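Please keep the sequence and the structure in view while reading.

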Amino acid sequence: MENRYYRTFDNEQDLQTEMDRLRAEGYTDEDMYLMSKRDDRMSIYRGHNEHEGHEKEGLWEKFKEFVTGDDTDEHFNRMSFEESERKQYYDDVNNGKHLLYADREFGRRPY
């Protein structure tokens, strides 16, 4: 099983479907990060397990804002993308797409 996965999505429904598939493959919510532009600001959200037993909660209730604003650049740069990928994904998110980044080691890597 791969340790890292990333892809952009045009809508939350497709994003949620893919997250469910990754969970079935063994990824946990804590392994997943969402990068999105909401309320005119770039933010990175990290999954958490405080929602267990609340399956009816929506996507955004299952994720906590991890970092926002100018700090997103630093964390985005830590996601091990090639420079061309980094620019493309950043532009995609800035234009309304959602980036799903799943990595079992990301939260454990030093800065």
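## A pair within helix α3

E83 and R86 both belong to helix α3, residues 83-94, and sit 3 residues apart, so about one helical turn separates them. The model is predicted. The two side chains form a salt bridge, with the closest N and O atoms 2.7 Å apart. In general, an α-helix has 3.6 residues a turn, so residues three or four places apart point the same way.

E83 is exposed, at a relative accessible area of 57%. R86 is buried, at 17% relative accessibility. The cut-off for buried is under 20%, and exposed means over 50%.

## Salt bridges around helix α1

The structure holds 9 salt bridges. One of them joins the side chains of R7 and E18, at 3.8 Å from N to O. R7 comes from strand β1, residues 4-9, while E18 comes from helix α1, residues 12-24, so this pair ties together parts that are 11 residues apart in sequence. R7 is partly exposed, with a relative accessible area of 40%. E18 is buried, with a relative accessible area of 10%.

E18 has another partner in R21, and their salt bridge spans 2.5 Å from N to O. Both residues lie in α1, 3 residues apart, about one turn of the helix. R21 is partly exposed, at 35% relative accessibility. What do these contacts build together with E25? R7, E18, R21 and E25 are linked in a network of salt bridges.

## Helix α1: span and faces

Helix α1 has 13 residues. From its first C-alpha to its last it reaches 18 Å, close to the 18 Å expected at 1.5 Å a residue. Its buried residues are L15, Q16, E18, M19 and L22. Seen down the helix axis, these buried residues fall within an arc of 165°, so they line one face of α1. E18, of the salt-bridge network, is on that buried list. The face turned away from the buried side carries the exposed residues Q13, T17 and A24.

Both ends of the helix have a feature to check. At the start of α1, a side-chain oxygen of N11 reaches to within 3.2 Å of the backbone nitrogen of Q13. Q13 is also one of the exposed residues on the face away from the buried side. After the helix comes G26, whose phi is positive, near 110°.

## Aromatic pairs

A search of the whole structure finds 6 aromatic pairs. In one, the ring centres of Y6 and Y89 lie 5.7 Å apart and the ring planes stand at 80°, so the pair is edge-to-face. Y6 is in strand β1 and Y89 is in helix α3, so the contact ties together parts that are 83 residues apart in sequence. Y6 is partly exposed, with a relative accessible area of 26%. Y89 is buried, with a relative accessible area of 15%.

Y33 and Y101 make another pair, with ring centres 6.5 Å apart and planes at 55°, so the pair is tilted. Y33 lies in strand β2, residues 32-38, and Y101 lies in strand β5, residues 98-103, so this pair ties together parts that are 68 residues apart in sequence. Are Y33 and Y101 buried or exposed? Both are buried. Ring pairs link Y6, Y33, F81, Y89 and Y101 into a cluster.

## H98 in strand β5

H98 lies in strand β5, the strand that also holds Y101. H98 is buried, at 9% relative accessibility. Which side chain does H98 contact? A polar contact of 3.0 Å joins the side chains of H98 and S36.

Strand β1 takes part in two of the contacts described here. R7 of β1 reaches E18 of helix α1. Y6 of β1 pairs with Y89 of helix α3. Helix α3 also holds the E83 and R86 pair.

How values were computed
Residues are numbered from 1 along each chain as its sequence is written. This is a predicted model: local features need pLDDT of at least 70, side-chain atom pairs count only at pLDDT 80 or more; totals for chains, interfaces and linings use all residues. Side-chain values use heavy atoms; hydrogens and water are left out. A salt bridge is a side-chain nitrogen of Lys or Arg within 4 Å of a carboxyl oxygen of Asp or Glu. Helices (H or I, at least four residues) and strands (E, at least two) are DSSP runs, numbered from the N terminus. Buried means under 20% relative accessible area, exposed over 50%, partly exposed in between (1.4 Å probe, protein chains only). The expected span of a helix is 1.5 Å times one less than its number of residues. The arc is that of the directions from the helix axis to the C-beta atoms. A polar contact is a pair of N or O atoms within 3.5 Å; within protein, one must be able to donate a hydrogen and the other to accept it, and residues adjacent in sequence count only if both atoms are side-chain atoms. Rings of Phe, Tyr and Trp (its six-membered ring) pair if their centres lie within 6.5 Å; planes under 30 degrees apart count as stacked, over 60 as edge-to-face and the rest as tilted.
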